[in-house]
Amino acid sequence: MYDIIIIGAGTAGLSAAIYAVRAGKSVLVLEKNVYGGQIISAPEVENYPGIRKISGYEFAENLYLQAAGLGAELKYEKAVRILNGEKEKKIMTNRSEYQCRSIILSTGAKNRHLGLEREEELTGAGISYCATCDGAFYRGKDVAVAGGGNTALEDAGFLSGYCRTVWIIHRRDTFRGEERLLQALKKKENVRYILDSQVICLNGERRLESITVKNVKTMQEQELLISGLFVAIGQEPDNRDFENLVGLDKAGYIQAGEDCRTCTPGIFTAGDCRAKAVRQLATAAADGAVAALAACAYLE
Ligand code: NAP
C-alpha cells in the first residue's frame, strides 16, 4: 500500500514525487515509456528559472536522479484502470496491480499527428516527431519541419546544424513560437520558409521521398523532395482511461483548477494533462509541487 501513486514520470510527475517523498510519504511512480516526458526531446532549455542552459535530456535525468535518490520508486508499467474504493484506491497496470491512498495523474500529452494517409507506416522511415532523437540520421540531407510553435522553431534550428536544407512549413503567415527563436532561425542560411501552407500528401515507396504541400490561400500545390519530415504541431492529451473518475474538457484535458484537485477526492492532476492556459516546464514543475502537497494534506 503506497501513500501516493503518481501516473507519469514527466516533469510534473517527478516534481510531485520529490515533494511527496520529502513530506515522508511512500511514493510509486508508474511510467509507460521512459522518464522525462516531453522535455527529454528538447535540444536546449534556457527558460527554466535558476538554470541558465541545459539539454532536455540532462534536465530529465537530473529530475529522475533527484526523485529516486530521495526514495521514490519507479516502475515501467502502463496504468490502464483505476478502481476508486472508499479507503483505498487500486491501479491496474498492463502487468500488475497496486494499492494506494491517493493518486496524482501526470500523464502529460503526446505528439499530435498530421492525420495523413501513410503517416503511421512511414514513421521511422522518414517521418519523425523528435528532432533531437532522429536529427543525426539526416546529416547532409534535405528535410522539412511542419509546425509554427516553439518546438518547430527549435527543431528547425537544431536540424540546420546537420542538414543541407531545412524547410519550415507553417499553416499561417505568422509564427506562434517566440520572436527570439524566430530571429535566431532567420540567421541560418540553410533554413527556408513555406508559409500559409499545409502538408497534404506523403510520397515514397518504402521510405518518405517527397511531400506535397498546398498553399491554403492560393490552393497551389508543390512537391518537395525531402528525406525527412519532422512533425512538430503540438501535443494532445491521452486521459480516456481515467475519464470515469475525472472530468475531461472538450479537448480531453483533465478538469482541475490551480489547486490540482479533480472532482474525485484523493485524485489530483498535474502538468500538461490538466486543463490550463500555460503549458511550460516551469508550470509543470509548479503543478507537481501543488498536487503533491494537496495529496499530503488529503492523506493527513
Ligand atoms: P504549439 O505551441 O501548440 O504549436 C503548435 C503549432 O503547430 C502551431 O503553430 C499550430 O499552428 C501548428 N498546428 C497545430 N495543428 C496543426 C495541424 N493539424 N496542421 C498543421 N499545423 C498545425 O506546440 P509546441 O510548439 O509543441 O509547444 C507546446 C508548448 O510547449 C508551448 O506552450 C510552447 O511554448 C512550449 N515549448 C516551449 C519551449 C521553450 O520555451 N524553449 C520549447 C518547446 C515548447 P497555429 O499557430 O496556426 O495554431
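Begin by selecting helix α2, which supplies the largest share of the lining of the second largest pocket, 4 residues; helices here are DSSP runs of H or I with at least four residues, numbered from the N terminus. This is a predicted model, in which local features need pLDDT of at least 70, side-chain atom pairs count only at pLDDT 80 or more, and totals for chains, interfaces and linings use all residues. Residues are numbered from 1 along each chain as its sequence is written, and side-chain values use heavy atoms, with hydrogens and water left out.

Next, move to the ligand and show the 20 residues around it, of which Asn 47, Thr 151, Glu 154, Arg 172 and Arg 176 come nearest; a residue counts as near if one of its heavy atoms lies within 4 Å. Helix α4 (residues 150–159) gives the most to this shell, with 3 residues, and the shell divides into 2 nonpolar, 11 polar and 7 charged residues.

Finally, look at individual atom pairs. In the side chain of Asn 47, an N or O atom is 2.5 Å from an oxygen atom of the ligand, while a backbone N or O atom of Gly 149 lies 3.3 Å from a ligand oxygen atom. For Gln 198, select the side chain, where an N or O atom is 3.3 Å from a nitrogen atom of the ligand.

How values were computed: Polar contact = N/O pair within 3.5 Å; in protein donor to acceptor, adjacent residues only side chain to side chain. Helix = DSSP H or I, 4+ residues; strand = E, 2+ residues; numbered from the N terminus. Nonpolar A, V, L, I, M, F, W, Y, C, P; charged D, E, K, R; others polar.
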